[in-house]
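I opened the model to log its sheets, its ligand site and its aromatic pairs. My notes follow in the order I looked things up.

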Amino acid sequence: MSNLYIIATPIGNLGDITYRAVETLKKCDIIACEDTRTSSVLLKHYQIEKPTISFHQHNEHNKVEHLMNLLDGGQNVGIISDAGMPGISDPGFLAARAAHQKGHTVTPIPGPDAATTAVVASGLPCDRFVFEGFLPPKKGRQTRIQAIAESEITSVIYVSPHKIIRFLEKLHQFCGDERWVCIARELTKKFEEIDRAQLADITQRWKARKSVKGEIVVIVSGKNYTE
Ligand code: SAM
């Protein structure tokens, strides 16, 4: 039986890779990358010279079969995404499930992900939280925002920069002025920003910005949280 390694990579700062991740990447026979060009920067930086194949959300279903053939043929395969933990709002789950079903060993190599990095920095309760990932763009979006508004525990949401203002406005509409929110932008990168305030204030502040760029995680406190 072969090994499928699910390997976390940095969410920005190249220094945030683990020793074990580098060692594992060096011993894989082949590395399945969400984007081979993006990952080539990381692989080059750590002098990892291994064959790569692309494995992204648009070819994930077809490529899983190919990955299983490689594992069946005795090759050890590593999966990495552009950033963070594969499978977390990224391809990974289908390959892990298929590898289990075929009796291969699935070995996680832990490391950074944007959700837990943001929630621990938010200063909002992180003993329990719900990971929402990206909300659907249209159908079902409002229902999910309502559920976040009703949640007793902290919610963690991935939001693209061009949707942040509309998202904050909707959240404000459902959660009211006083709900605590933290916006974590560009974590581990040069322009890292962790902005924490109540919804009325933070919405107003972010609406006043000329433009918003970069990668963003929004943390929303549970509905009964006060400080
Ligand atoms: N697999 C990744 C993980 O483990 O977090 C998530 C990949 S998902 C395609 C990309 C989203 O994750 C971004 O739109 C943003 O919401 C969040 N993200 C990734 N890197 C980030 C960073 N450095 N700072 C803030 N958010 C980040």
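In which sense do strand 1 and strand 5 pair, and over how many bridges? I found them parallel, with strand 1 (residues 3-7) joined to strand 5 over 5 bridges. Strands here are DSSP runs of E, at least two residues, and helices are runs of H or I, at least four, numbered from the N terminus. Two strands pair if DSSP finds at least two bridges between them.

Ground rules. This is a predicted model, in which local features need pLDDT of at least 70 and side-chain atom pairs pLDDT 80 or more, while totals for chains, interfaces and linings use all residues. Residues are numbered from 1 along each chain as its sequence is written, and side-chain values use heavy atoms, leaving out hydrogens and water.

I traced 5 strands in an open, parallel sheet, ordered 3-2-4-1-5. Strand 3 (52-54) and strand 5 (105-109) are the edges, each pairing on one side only. The twist from one strand to the next averages 25°. Angles run from 0 to 180 degrees between N-to-C directions, with axes fitted to C-alpha atoms, for helices over the stretch in contact. Across the strand 5 pairing, Ile-7 stands opposite Ile-109. I also logged helix 2 (residues 36-45), which lies across strand 2 (30-33), strand 3 and strand 4 (77-80). It runs at about 150° to strand 3.

Another open sheet of 5 strands has the order 6-7-10-8-9, with mixed pairing. Strand 6 and strand 9 (193-198) each have a single partner strand, so one side of each lacks a neighbour in the sheet.

**Ligand.** I listed 19 residues around the ligand (a heavy atom within 4 Å). Met-85, Asp-90, Ala-114, Tyr-158 and Ile-216 come nearest. The Asp-90 side chain puts an N or O atom 2.8 Å from a ligand nitrogen. For Tyr-158, a side-chain N or O atom is 2.6 Å from a ligand oxygen. Glu-215 has a polar side-chain atom 3.3 Å from a ligand nitrogen. The protein covers 91% of the 570 Å² of accessible area that the ligand has on its own (Shrake-Rupley, 1.4 Å probe).

**Aromatics.** My search of the whole structure gave 2 aromatic pairs (ring centres within 6.5 Å; planes under 30 degrees apart are stacked, over 60 edge-to-face, the rest tilted). Phe-131 and Tyr-158 are edge-to-face, at 5.1 Å centre to centre and 75° between the planes. Phe-131 sits in strand 6 (residues 129-134) and Tyr-158 in strand 7 (residues 154-159), 27 residues apart.

Notes:
Contact = heavy atoms within 4.5 Å. Polar contact = N/O pair within 3.5 Å; in protein donor to acceptor, adjacent residues only side chain to side chain. Phe/Tyr/Trp six-rings, centres within 6.5 Å; stacked < 30°, edge-to-face > 60°.
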